[in-house]
Amino acid sequence: MSDDALVWAAVLAMAFVTWLTRIGGFWLMRVVPDGGFIRRALDHLPGALVVAILSPIALEGGWAPTVCIAAAVLIGRAGASALVAVFGSVGVVALIRLVV
Amino acid sequence: MEHSSAKSNAPAVTFTLAGARRGAIVCLPLALASIAFGLGFGILARDTGLGLAQALGMSAFVFAGASQMVAMDVWTVPPAVLGLAVAAFAINIRHVVMGAALRPWLRDLPLLQSHAALTLMTDANWAQAMADRRKGERDAAFIVGSGAIMWVGWVFGTGVGHLAGGVIGDPKAFGIDVIVPAFFALTLSSLWPGVRRLHPWVAAAVAAVLAHELLPSGAWHVVVGGLVGAAVGGMMRED
């Protein structure tokens, strides 16, 4: 295959395995019995996943993500919409970088 | 637990245009973030030597930012197809866990509808959908609408980034690198279970940080942390 064809082969291979991961959980849960432990674990999965995404970023990413996380939660808790909270907290970080 | 008791008499799951529109509107900030990240990927792809069509094709078909960025990092000429596919699978394996969490929502829908939602599922609109589901959202097209608007932003950003190349300054000056933590922090704040039910989160955080330190790079820490946190939650007594 030419280099160009190999690039497209790589793109399609990545796309295919990524799509398999997207639909895979749905089908996996079909063979896992419902109720009890699995049911309760599933209820806790969303929060646990987001915590897992965030904690290394907050711990190892320096001050910027930590400040941003705090600002986003505070602005959100104050009743602002998600759009305002996300871009407000990002703006806080951009402002600090401008000043420091 | 209020979540499981509400489930028995929950209204039926729907799949409507109105739901898709709600998802698109709620996730508009995410679509703007997608444009910003797409810009970053487009610039990176150009640096790596991908043509405009190839960069656009990767964003359109793969539609998973982290794995695409990593692919650019390990890219060779000619590309190692198998290695790239394995890396993409490892980084995106977290989707399996996310899709599993969506099953209670999607299982009663026709396959075409449930799989449209799964195909457009990303970290961000998944988290948003899970949070909105707690607040009573029952329309699965919410995921399709939010995913579609993020897809448009991602592909558009990729194209602009590739075309603009090195003209744009340091994206960090605009705080583009902290959009993801900001967004996830908000999601988390809406999922807050209360201090007395926090142990799944603590377990997830500890496991994720350890896995991040010990395991090869990729997104394994997300899978490990998510599973450990969910398992601890599964062992908790209902009260």
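In this predicted model, the C-alpha centres of domain 1 and domain 2 of chain B are 23 Å apart. The domain assignment places domain 1 of chain B at residues 16-192 and domain 2 of chain B at residues 195-239. Contact between these two parts of chain B involves 8 residues of domain 1 and 9 residues of domain 2.

The size of an interface is often expressed as the accessible area that is lost when the parts come together. For domain 1 and domain 2 of chain B, this buried area is about 760 Å², and 90% of it lies on carbon and sulfur atoms. On the side of domain 1 of chain B, the residues that lose the most area to domain 2 of chain B are B:Arg94, B:Val97 and B:Trp192, which together account for 51% of what that side buries. Across this interface, 0 salt bridges are found between domain 1 and domain 2 of chain B. Three helices of chain B, namely H6 (81-92), H7 (94-106) and H11 (179-191), each supply at least two residues of the side of domain 1 that touches domain 2. Sorted by class, that side of domain 1 of chain B has 7 nonpolar residues, 1 charged residue and no polar residues.

The interface between the two chains was examined in the same terms. Here 66 residues of chain A are in contact with 88 residues of chain B. Chain A and chain B bury about 6600 Å² between them, with 76% of this area given by carbon and sulfur atoms. In chain A, the greatest losses of area to chain B fall on A:Met14, A:Arg22 and A:Phe26, and these residues together make up 13% of what that side buries.

Between chain A and chain B, the count of salt bridges is 0, whereas 15 residue pairs are in polar contact, both residues of each pair being at pLDDT 80 or more. On the side of chain A that touches chain B, at least two residues each come from helix H1 (3-31), helix H2 (36-60), helix H3 (63-77) and helix H4 (82-99) of chain A. Of the contributions to this side of chain A, that of H1(A) is the most, with 25 residues. By class, the side of chain A that touches chain B comprises 46 nonpolar, 9 polar and 11 charged residues.

Terms used
Residues numbered from 1 in each chain as written. Chains lettered and ligands numbered in written order. Predicted model: local features only at pLDDT ≥ 70, side-chain atom pairs only at ≥ 80, totals over all residues. Heavy atoms only, no water. Domains from an automatic or database assignment. Contact = heavy atoms within 4.5 Å. Buried area = accessible area lost by both parts, 1.4 Å probe. Salt bridge = Lys/Arg side-chain N within 4 Å of Asp/Glu carboxyl O. Helix = DSSP H or I, 4+ residues; strand = E, 2+ residues; numbered from the N terminus. Nonpolar A, V, L, I, M, F, W, Y, C, P; charged D, E, K, R; others polar. Polar contact = N/O pair within 3.5 Å; in protein donor to acceptor, adjacent residues only side chain to side chain.
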